[in-house]
Amino acid sequence: MSDRTVGLPRWIYVPAVLGAAFVLLPLVAIVAKVDWTHFGSLITSQASRDAFVLSLKTSAISTGLCVVFGVPMALVLARRDFPGLAVIRSLVLLPLVLPPVVGGLALLYTFGRRGLLGSTLDAAGIQIAFTTIAVVLAQTFVALPFMVVSLEGALRTGGQRYEVAAASLGARPTTVFRRITLPLVVPGLISGAVLAFARSLGEFGATITFAGSLQGRTRTLPLEIYLQRETDPDAAVALALVLVVVAVLVIGLAGQGRGTR
Amino acid sequence: MRTRILGLLVAALMVAGGASACGRSDSGGGGGSGSKTTLTVFAAASLTSTFQKIGDKFEDEHPGVKVEFSFGGSSDLVSQIQQGAPADVFASADTANMDKLTAANLQAGDPKNFASNTLEIATPPDNPADIASFADLAKPGVKVVVCAPEVPCGAAAVKMESVTGVTLKPVSEEESVTDVLGKVSSGEADAGLVYVTDVAAAGDKVKGVPFPESNKVVNTYPIVALKDSKHSDIAQEFVDTVTGETGQSILAAAGFAKP
């Protein structure tokens, strides 16, 4: 960035600080509410550990799926131009603005036992509802747009100069993709993956609607927090802090990835 | 690209804003002027339709009073009241949550039990797993959904397991009765354990399978006016309406039993 020397208008700090306080104060409130003397035992109960492990595992798999499908999607959206592209892009990004519960219902009507694909899958002996697969599908559904958006942005800013040069020198499309395109957008890919992971980690509405809630199988950390709140608010707050810490670590990683660009 | 996303977001906001504006003009049509007294009732989610009917009756009988409801999980409502939410009346789906409220000394007078509810099995309309008894829920391959033991309907389900000696292996332990019903009416689950009143309210979306042991586990609904209410006399009148003839007939019509 070259605009370092241009000063900011002073008044701009007022809304900036207010905005930051608005985001930070609730975090402070959570930390203040934590029962530190029992913190260890609250977050190491079997149910908490199961939820934590399940959340990390499913979020990692969902992020992998977002990379596998999101990178090609972003490439098509950024590099090709065809009628209806704008409509397709809006539809693909729909999970960004859709309430997750609606996403969960849509998945239920698609992959559920009586859904669009469900009867076919059922005949093939594949049952998705109430399994960990359903959790992964729900997370991938809500997280995929984050990957597509950040990668498409990186691809557009990067431009096509080097790809054109490589192609004119005789490189095949796959070689250009592997040797030129991918390495150039690594920062965008990393921040997209981190956003997708963070979104998967926090996924709640689609999971509870589509996958159900059973310890060790479908009850991820957000669902466990929601349930604990019923009887043991202290445990819910402790777990919430764990989730916040993981999220902060992940976002910190994303910041580093961007810094090395 | 960025402007497109922005456009999408703005469009979504406009839709949401338009919807809420509609809602406002609808409720404003009733003539909401500043002179009206507003009574705020916090009630368990399972009371939604019955309490709305009772509220309408109460407004008819008390011109100048507007009853507003906040429906939710009983434990959520208690913690909201503990955090200072402005409520005049609290109706709980179980005595445990009412005990939490009275332990914090937020009530005005003693809570009164006004209804009770028992469990019933709900299946999809075609009852694909041929469930005819509570024991059938434990048949291998049957996908049963219950409430988690942490919420009132799940606590009742656990008690029912010990009363009948039948151990369930649920495929999911949901956070609320509505979640259980959703899984059953969509056909994802073969059966779910919910309240009698939920089966009645769901109409033909689910089939109810009553079982004889159900009367062994009874959930009692208490109601109380709250200490910090600014309209304590009207709050008490609302409690009296619920426990009196008007409330009781509406509750009975929805399938609730006497306390």
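Q: Where in chain B is the place of B:Asn97?

A: In this predicted model, local features need pLDDT of at least 70, side-chain atom pairs count only at pLDDT 80 or more, and totals for chains, interfaces and linings use all residues. Residues are numbered from 1 along each chain as its sequence is written, chains are lettered from A and ligands numbered from 1 in the order in which they are written, and side-chain values use heavy atoms, with hydrogens and water left out. Helices are DSSP runs of H or I with at least four residues, strands are runs of E with at least two, and both are numbered from the N terminus. Here, B:Asn97 lies in helix 4 of chain B, which covers residues 95-103.

Q: Is B:Asn97 buried or exposed, and why?

A: A residue is called buried under 20% relative accessible area, exposed over 50%, and partly exposed in between, with a 1.4 Å probe and protein chains only. B:Asn97 counts as buried because its relative accessibility is 5%.

Q: Which residues does B:Asn97 touch, not counting residues up to four places away in sequence?

A: Contact means heavy atoms within 4.5 Å. By that rule, and leaving out residues up to four places away in sequence, B:Asn97 touches B:Ser74, B:Ser75, B:Val78, B:Phe90, B:Ser92 and B:Pro152.

Q: Where is B:Ser214 found, and what does its side chain reach?

A: B:Ser214 sits in the loop between strand 8 (207-209) and strand 9 (218-226) of chain B, and it is buried, since its relative accessible area is 14%. A polar contact is a pair of N or O atoms within 3.5 Å; within protein, one must be able to donate a hydrogen and the other to accept it, and residues adjacent in sequence count only if both atoms are side-chain atoms. The side chain of B:Ser214 reaches the backbone oxygen of B:Phe211 at 2.9 Å.

Q: Which domains does the assignment give for chain B?

A: Domain bounds come from an automatic or database domain assignment. For chain B this gives domain 1 (35-116 + 220-253) and domain 2 (117-218), and the centres of these two domains, taken over C-alpha atoms, are 28 Å apart. Five residues of domain 1 of chain B are in contact with four residues of domain 2 of chain B.

Q: How many residues of chain B are in contact with chain A, and what area do the chains bury?

A: Buried area is the accessible area (1.4 Å probe) that two parts lose on being put together, summed over both. Chain B and chain A bury about 2,700 Å² between them, with 54% of it on carbon and sulfur atoms, and 31 residues of chain B are in contact with 29 residues of chain A.

Q: How many salt bridges does the rule find across the interface of chain B and chain A?

A: A salt bridge is a side-chain nitrogen of Lys or Arg within 4 Å of a carboxyl oxygen of Asp or Glu. The rule finds four across the interface of chain B and chain A; one of them may be looked at by name, since B:Asp126 forms a salt bridge with A:Arg114, where the closest N and O atoms are 3.3 Å apart. Between chain B and chain A there are also twelve residue pairs in polar contact, both residues being at pLDDT 80 or more.

Q: How many helices and strands are there in chain A?

A: Chain A has 13 helices and zero strands, and buried residues make up 40% of its 261 residues.
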